[in-house]
Structures are given as C-alpha cells and as structure tokens.
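Had a look through this one and jotted down some points for you. Have the model open while you read.

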Amino acid sequence: MATFKDFRNDVKPNWCPGCGDFAVQAAIQRAAANVGLEPENFAIVSGIGCSGRISGYINAYGFHGIHGRALPIAQGLKMANRDLTVMAAGGDGDGFAIGTNHTIHAIRRNIDMTYVVMDNQIYGLTKGQTSPRSMFGAKTKSTPKGSIEPPIRPLELAISAGAGFVAQGFSGDLAQLTRIIEEGIKHKGFSFINVFSPCVTFNKVNTYEWFKEHIVNLEEDPTFDPSNRSLAVQKVMEHDGLVTGIIYRDPERQSYQELVPNFSEAPLVNAELKLSDDVFASF
Ligand code: SF4
Ligand code: MG
C-alpha cells in the first residue's frame, strides 16, 4: 500500500519559502495515501497561478491546464476514465475570477471529484494584484488606494450552488487540512475545499498570524452541525467566512454518475446513457 512518500517526486517546487501551497501539497499527498490510493489511480489537474504548479509536484498523473479551465478538463478526465480518482486544484484567481462559471456549474453538476482552491487573496504569480478574494480596502499594485470591491464569498457561493460537500482549511493546520481532503476524496460527488494558503511574498495582511488570530474552527463548536445547510450558512456569515472544518455535507445528494444508471458500463463514444424514470422522480 502506498504511503505519502510514494506521492512525492523529485521535482523541487519553486514556490517562495513559507508559501502556503507547500502545506496543501503535503496534505494532498498524505490524504491520498490515507484513503488508500496508489499514484497510478490518481490524477491532479491544475490551472494557472503559483498554485497551478502543484500538479507537477505530486507523483500522480498531472495536467497543468489553462487559466480558469482546470475544472472542465478534470470533469472530462473523470468522464473518460471513470476508475481514476480526480482532483482539480488552482488559486482564487483561477476559481473565482476567470473560472467562476466553471466552479458554479461543476458544483451543480456534481461529478464525483475533488476541487481544492489555494486561496491567498491575491494574484501571486503576476506579483501582487488584487484578486476576487482580496479584502475590501486591500492595497495592492492594482488598487494602490484600496480595493472598493467586496470579495467573493466561496463557502456561501458553493452552498448556494448546491454543493454536497463544502469545507475550508488553513495551511497553518496540516492535520486538519489532511483530514478535510481525505473526507473530500471519499465523498461521492463534487467536493469543494477552499484553503487559506498565505502568499508570504505579496500579501502582507492575510498572513499565518492574521489567520491564527481570526479563524474559528467550527469542528470545536459544539452547537455546529455540518448536515444542517441553513446553520452552515448562518455560521459562515456570523464569522465573516473565517471558519475552518467541514462546513456542509450531504451524503445523500446523488452524484452525476449515480443519476445515470448505466454510467459505468456505457461506452465512451456515442454513449447511450439512458435515464430511468426514477432519476427524474428524485427531483
Ligand atoms: Fe506562494 Fe506568493 Fe510566492 Fe506565489 S508569490 S509562490 S503564492 S508566496
Ligand atoms: Mg491567488
């Protein structure tokens, strides 16, 4: 059985020392081993940005796609090779700017795969511009007087799009992040995982220390219940999105594959995917 070391390769990441993406890489490697995957059964598709390099830094199948398009590629991959465990990974610019439409529709479609967003609230690769996740008032190279646009709220967005699995982790807590990714891989359907992954070079506000001061771990809140959708939204809003843990999970929500009864046997070309009456009865 593979260990996390089997998911390492000999490519040296060129992320800045201290970049949050190192912890995401380690968490994915550990989670893949913990759920019993082998490198030959696992594929990671990434977008463009510093985070996009992650597909080359893990010993598995990797595809470094184009900006904002990791999700369509990953969904196509899963449809073509249905036995593969597929993960898409990218940054907040990739997932919440140019790729927002894919994020929403992939969540809605609910193909069985995992999406990990490395959210550093800035564009790092292009050296520090305001991203759709930058805070209101954020001073960057593109908004030197402060951003006047409020940030996208990924957790509420994912829940309202109909996600069956929504979680948020932090690169400063590897153990929790690993657990969240494990649960995301095991979930039968589309798993949305946002990760606070600090950019130590260009974001001097949302630092590890800043997150440690502001984050509320919902796993430690005895009043919280991740199966309660309205409570999940309420808690996220109460803490202004600065929460970690599994935020919402609906194990009953049927995946795309489950709604197509002959999915696993259907040929890839000119597939006759016959939907049975009970599929529609379930809506
Ligand atoms: Fe990480 Fe920021 Fe460096 Fe990019 S610029 S590698 S996001 S620390
Ligand atoms: Mg970013």
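1. Start with helix α1, residues 21-34: this helix lies across β1 (42-46), β4 and β6 (190-196). Against β4, helix α1 runs at about 160°. Bear in mind throughout that this is a predicted model.

2. Helix α2 (residues 70-80) is worth a look next, as it lies across β1, β2, β3 and β4. Its angle to β3 is about 175°.

3. Now the sheet itself. It is open, with 8 strands in the order β2-β1-β3-β4-β6-β5-β8-β7, and the pairing is mixed. The edges are β2 (61-64) and β7 (216-217); each has a single partner strand, so one side of each is left without a neighbour in the sheet.

4. Residues 85-91 make up β3 and residues 113-119 make up β4; the two strands run parallel and are joined by 5 bridges. If you want a spot to check on screen, G91 stands opposite M118 in β4.

5. What surrounds ligand 1? The residues are W15, C16, C19, D21, C50, N120, G124, L125, C199, V200, T201 and F202. Sorted by class, that shell has 8 nonpolar, 3 polar and 1 charged residues. Note that D21 of the shell falls within the 21-34 range of helix α1.

6. Last, the domains. The domain assignment gives domain 1 as 4-252 and domain 2 as 257-283. Their C-alpha centres lie 30 Å apart.

Definitions and conventions: Residues are numbered from 1 along each chain as its sequence is written. Chains are lettered from A and ligands numbered from 1 in the order in which they are written. This is a predicted model: local features need pLDDT of at least 70, side-chain atom pairs count only at pLDDT 80 or more; totals for chains, interfaces and linings use all residues. A residue is near a molecule or strand if its C-beta atom, placed from the backbone, lies within 6 Å of it. Ala, Val, Leu, Ile, Met, Phe, Trp, Tyr, Cys and Pro count as nonpolar, Asp, Glu, Lys and Arg as charged, and the others, Gly among them, as polar. Two strands pair if DSSP finds at least two bridges between them. Helices (H or I, at least four residues) and strands (E, at least two) are DSSP runs, numbered from the N terminus. Two residues are in contact if their C-beta atoms, placed from the backbone, lie within 7 Å. Axes are lines fitted to C-alpha atoms, for helices over the stretch in contact, and angles run from 0 to 180 degrees between N-to-C directions. Domain bounds come from an automatic or database domain assignment.
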